Amino acid sequence: MPELAAFLCEALEKHDIPVVLSGGSCVEIYSRGEYTSYDIDLVNRYNEQFKKIKKVMEAVGFSEKDRYFVHPDTHLFIEFPSGPLGVGDAPVEEIAELDTEAGVLRLLTPTDCIMDRLAAYYHWNDEQSLQQAIWVARENDFDLEKVRRWSVKESSLEKFMDFEGLIDDLRL
């Protein structure tokens, strides 16, 4: 999955379409495989026209099916959520990079990945997303204070404290 995502990042970047990996695929990478995603979410950072993305995807062998792109050589679905890139109501300021054999993969940082998962927990009570945030927190260094400040702005300090208590249990 990381190699395919990196390949697509590079192919799109060559056409001035910057995308960043987010969602479950980031969780898969940062949780060291604790979670498995079957789609690759590449956020279209600057809302390039979809037809421009479609042209590049077709040139590398993908075809559009519903809201995804598919390829006969992979079971993974590719989706392009529209930008701007953000978590909750906050814009993403830093983008991580992962070198792969297929090129450079641009993705959310562990901190932003945690906030992305917590946003689903905060706003939709998605317990699975809370678990994913915990897996990412367990395996990576991240900025807990930034997550706290963001949680306050999302009006979710109480749920943040649930998360903080659960990760404190991991550190014991």
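Tutor: In this predicted model, Phe 163 has a relative accessibility of 0%, and because residues under 20% count as buried, Phe 163 is buried. Phe 160 is buried as well, with its relative accessibility also given as 0%.

Student: Where do Phe 160 and Phe 163 lie?

Tutor: Both belong to helix H7, which covers residues 157-171, and they are three residues apart, about one turn of the helix.

Student: How is the geometry of the pair formed by Phe 160 and Phe 163 described?

Tutor: One looks at the distance between ring centres and at the angle between the planes, where under 30 degrees counts as stacked and over 60 as edge-to-face. For Phe 160 and Phe 163 the centres are 6.3 Å apart and the planes stand at 50°, which makes the pair tilted.

Student: How many aromatic pairs does the structure hold?

Tutor: There are eight aromatic pairs. One of them joins Phe 69 and Phe 80, whose ring centres are 5.7 Å apart and whose planes meet at 80°, so this pair is edge-to-face.

Student: Which parts does the pair of Phe 69 and Phe 80 tie together?

Tutor: Phe 69 sits in strand E4 (residues 68-71), while Phe 80 sits in the loop between strand E5 (74-79) and strand E6 (86-87), so the pair ties together parts that are 11 residues apart in sequence. Phe 69 is buried at a relative accessible area of 1%, and Phe 80, at 11%, counts as buried too.

Student: Which residues form one aromatic cluster with Phe 69?

Tutor: Phe 50 and Phe 80 form that cluster together with Phe 69.

Key
Residues numbered from 1 in each chain as written. Predicted model: local features only at pLDDT ≥ 70, side-chain atom pairs only at ≥ 80, totals over all residues. Heavy atoms only, no water. Phe/Tyr/Trp six-rings, centres within 6.5 Å; stacked < 30°, edge-to-face > 60°. Helix = DSSP H or I, 4+ residues; strand = E, 2+ residues; numbered from the N terminus. Buried < 20%, exposed > 50% of the residue type's maximum accessible area, 1.4 Å probe, protein only.
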